[in-house]
Amino acid sequence: MKKRQVVIKQRKISYTMTSSSSNVRYVECQKNHAANIGGYAVDGCREFMASGGDDALTCAACGCHRNFHRREVDTEVVCEYSPPNAND
């Protein structure tokens, strides 16, 4: 689900945010392994997998830190809608 922003302009409508949740995933590694020789090469790691034990921020597949992996955030916001009163 992609994050979208919607702006609604109407009179006498109230929205109450009831809950918000975020899901963060770390996907393909973007570390440039050929930077020291002036080139550009990535290792092809498709998804971050935490190493077991004390070093959970190191990828078990490529050995890079989690910060080298592209971060995807899925945000979901649930709102309650209160329709305007007919007498207003």
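Buried means under 20% relative accessible area, exposed over 50% and partly exposed in between, with a 1.4 Å probe and protein chains only. This is a predicted model, in which local features need pLDDT of at least 70, side-chain atom pairs count only at pLDDT 80 or more, and totals for chains, interfaces and linings use all residues. Residues are numbered from 1 along each chain as its sequence is written, and side-chain values use heavy atoms, leaving out hydrogens and water.

**Exercise 1.** Classify Cys 59 by burial and find its place in the nonpolar core.

Step 1. Cys 59 has 2% relative accessibility, so Cys 59 counts as buried.

Step 2. A nonpolar core is a set of buried Ala, Val, Leu, Ile, Met, Phe, Trp, Tyr and Cys residues joined through side-chain atoms within 4.5 Å.

Step 3. Cys 59 belongs to the largest such core, whose 6 residues also include Tyr 26, Cys 29, Cys 45, Phe 48 and Cys 64.

Step 4. For the chain, 14% of the 88 residues count as buried.

**Exercise 2.** Determine how many disulfides the model holds.

Step 1. Apply the rule: a pair of cysteine sulfur atoms within 2.5 Å.

Step 2. The count is 0 disulfides.

Step 3. Cys 59 is in none, its nearest cysteine sulfur being that of Cys 62 at 3.8 Å.

Step 4. Cys 62 is likewise in no disulfide; the nearest cysteine sulfur, that of Cys 64, is 3.8 Å away.

**Exercise 3.** List the contacts of Cys 45, leaving aside neighbours within four places in sequence.

Step 1. Contact means heavy atoms within 4.5 Å.

Step 2. Cys 45 is in contact with Glu 28, Cys 29, Cys 59, Ala 61, Cys 62 and His 69.
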